[in-house]
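Notebook open, structure loaded. I wanted to look up a pocket, a sheet and some aromatic pairs.

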Amino acid sequence: MYAYTPTRLRVARHFICLSFLLFLLPLLGLAQKGKILGKVIDDQTGAPLSYATIQIYQQSDGSLLTGGITDEAGLFTLESPMGDLKGAIDFIGYQTFDLGTFVLSPSQKTMDFGTIRLQAESSTLDEVVVQAEKSSMELALDKRVFNVGKDLGNAGGSAVEILNNIPSVTVDGEGNVKLRGASNVRILVDGKPSGLVSFKGGSGLQQLQASMVEKVEVITNPSARYEAEGMAGIINIVLKKDRNQGFNGSFETTLGYPTNLGGAANVNYRHNKVNFFVNYGINYRIIPSINMTHQEVYVNDTTFVSDQSYDGEHVGFFNNIRGGLDYFFNEQNILTASYLYSASRGKRLTDLRYDDYIFNTLTSYTTRTQDEDEIEPISEYVVSYKKLFDKKGHEFNAEVRYLDHWEDSDQVFEQQSFFPDGSSNLAENLLQTSLNDETERQLLLQLDYVQPFGKEGKLETGVRSTFRRMTNDYIVSEENEAGQLIPIPGLDNNFIYDENINAVYGILGDKKNAFSYQLGLRVEWTDIETILEETNQSNPRNYANLFPSAHFTYDLGEADAMQLSYSRRVRRPVYRDLSPFITFSDNRNFFSGNPDLNPEFSDVIELGHIKYFEKGSIASTLYYRWTDDYIEMLRSVDDQGFSNTRPENLNFEQAYGLEFSSSYTPYRWWKVDFNFNLFRSEVDGSNINADFTNTTTSWFVRKTSRFNVSSGAFLQLRANYEAPINTAQGKRKELFFLDLAYNREIFKGKGRITINITDVFNSKKIRTISRGDNFIAEKISQRIRRQINLTLSYRLKQS
């Protein structure tokens, strides 16, 4: 239940009143308007061109009146003041289309341009393929779309690097993904959960090559259509898939340092009613990492100091293949079946050293090595059906998805201890092994139906069920004096996680003149049980929750709109949050889950504004989030200096901020993308420790400049800065890094060669400070060092 404190009620009330006041002001300026509509396609292929720019001007003085972009189907509908007008349509790589002059009046309120065919610019007409060039960042009120291929910094990387290149998204040294500074982001692949992130979270995306990704959608305040999981929002990774007639393909090879060798192919063949598609990627990569910790522990009047260093290397070999077919009974009935197989084999080698002091006097030092072999295959099976009815927007979708995922990890640890003079302390030497076998099975069933009504109205409804079982058979053994490996008490068990979630949702939306609304309600029934087999411990959780959402939009005219939105979200503790098993690679710094963790619930309000103008667009968002039972990783240290970090429920977190995103083309040869986020967070963890309350104000900024330095050649620079941020137990220091990329067309425009350098100055090091009642710890970690990649890509089309 909520604890509505006077402070919380007062802040929330002021915020809501201010938001509605700002939202309602534009309603005072209503004016009579007409409608302009049409569809934009490629002249040669007939393919719809999404995100083409439409601009409407006053005939008399040429002033811009309104504008917009086409949707995924190439369609556009604009509202415009009446009068004598003219217009144009622009799309990068195509000739500008002149709409000519026309009139909107009370007697002719609608201008329908029908199908508009854009022709490629003359320099590309002799190419085998004419490919639409999308902006790297596309802004909308309800989401941001980031087209992977247009960002030169993604070449040769993985999906982790893609997320690192997205504004407002950060990936820390452990692979944890944050959005606007908040954790618990729901990561989806093609709109659905994926085994790639089941066991390892965001770091599991290292297996997915960037060349297999078409785009990434960031949804900060989702509607009831989406699952309620993901307190900070949703990141949806959309994989490549082509449905053009004939044979189409793209191919890529990568060479990088530190070692990064890869290749990828994305092909499709469509003939009449059948479309086959295959995506394949292979990658061999060596990822070095470092970690240094200085820790002081205070016991009575004595200070125990430990300097810990970690030098690791992960050698990974990754294979991904995704294939399937679409069968078109006709253009309104499509059956799709696909299969994804991802396999990774890896070896992790680490060297740790602990130097122990009492005050400034060295008392001993210890070395520890880890040798881990792991294998992780993932299989995903999908069958879906889409039915399009005669009326635009009237459709039915059904999908069945099954996931089969397992991981085996075998680890050997050798530890040697030494006295200050370097002589061996044989009594403290250890040999340990860890066997960790994890499995996951998941079945997802989903039905969605959309029924339009009236001119702009729409009713959506759907049901969804997921059934999931995850297991972790875990045993840690230690060699005794007789040379036998004996299981360590408490570290031999089988953890079982069963999760069943059933949901139903409904959304009602309509538009009246410049005002539109969308009201939704989602109901989710959750049934979770965790079991420790060896000790016969069970922890069942059953609860039902309502998740309302509301989105109100007002079109201001002149390519200008505002939106006020609200949603309720949840973060359910999942498998790795609840598993009590500890990591054992570092036998002084342990990480584990918390079987007693409760879900956290968030209420999110956003006031957004977006404006398109002749050379770009700008979007701004004012947001507020209140979270009960806020989950935070807390670190404790015993008198021996051994630390344990695990998630805990704190009382609450209150966060609010302001975000700006802009895409601007001051000249034809220069394009700028800019993102700025300023936020404040107040965390109350006094239920754990009276000192675990903190307030922080922080910000981060990212600027990308892309220059067309010559015909078919581009240079891209990206600067990133993250200001210091306070946490419940300390702070994370500031972070700055710079990325550089150069791209040039080859093979008469059919191919591209790209050189990119991520973290040019090798400065992307996470620096943190943690404090407790009896300790202070400073840590520097760098999971991925500066990377240099050379990538060659080639595309073809054969009808």
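Predicted model: local features only at pLDDT ≥ 70, side-chain atom pairs only at ≥ 80, totals over all residues.

**Second largest pocket**

I began with the second largest pocket: 25 residues line it, and D356, S364, R588, Q640 and F642 lie nearest its centre. My pocket rule, on a 1 Å grid over the protein atoms alone, is an open set of points where a 1.4 Å probe fits, with protein on both sides within 12 Å along at least five of seven lines; lining residues have an atom within 4 Å of a point. Numbering starts from 1 along each chain as its sequence is written, and side-chain values use heavy atoms, without hydrogens and water.

The space in this pocket comes to about 520 Å³, counted as what is filled by probe spheres set on the points, which are joined across faces, edges and corners. I then sorted the lining: 10 nonpolar, 11 polar and four charged residues. Here Asp, Glu, Lys and Arg count as charged, Ala, Val, Leu, Ile, Met, Phe, Trp, Tyr, Cys and Pro as nonpolar, and the others, Gly among them, as polar.

Which strand gives the most to the lining? It's β19, with four residues. At least two residues each come from β17 (274-299), β18 (302-330), β19 (333-358), β20 (361-388) and β21 (395-418). Strands are DSSP runs of E, at least two residues, numbered from the N terminus.

**A three-stranded sheet**

Next I looked at an open sheet with the order β4-β1-β7 and mixed pairing. β4 (75-81) and β7 (110-118) stand at the edges with a single partner strand each, so one side of each has no neighbour in the sheet. Pairing here takes at least two DSSP bridges between two strands. β1 (residues 33-42) and β7 run parallel, joined by seven bridges; K35 has T110 in β7 as its bridge partner.

**Aromatic pairs**

My search of the whole structure gave 17 aromatic pairs. Rings of Phe, Tyr and Trp (its six-membered ring) pair with centres within 6.5 Å; planes under 30 degrees apart are stacked, over 60 edge-to-face, the rest tilted.

F102 and F113 are edge-to-face, 5.3 Å centre to centre with 80° between the planes. F102 sits in β6 (residues 97-104) and F113 in β7, 11 residues apart. F102 is buried at 5% relative accessible area, whereas F113 is partly exposed at 22%. My cut-offs are under 20% for buried and over 50% for exposed, with partly exposed in between (1.4 Å probe, protein chains only).

I also logged one aromatic cluster, formed by Y667, W669, W670 and F707.
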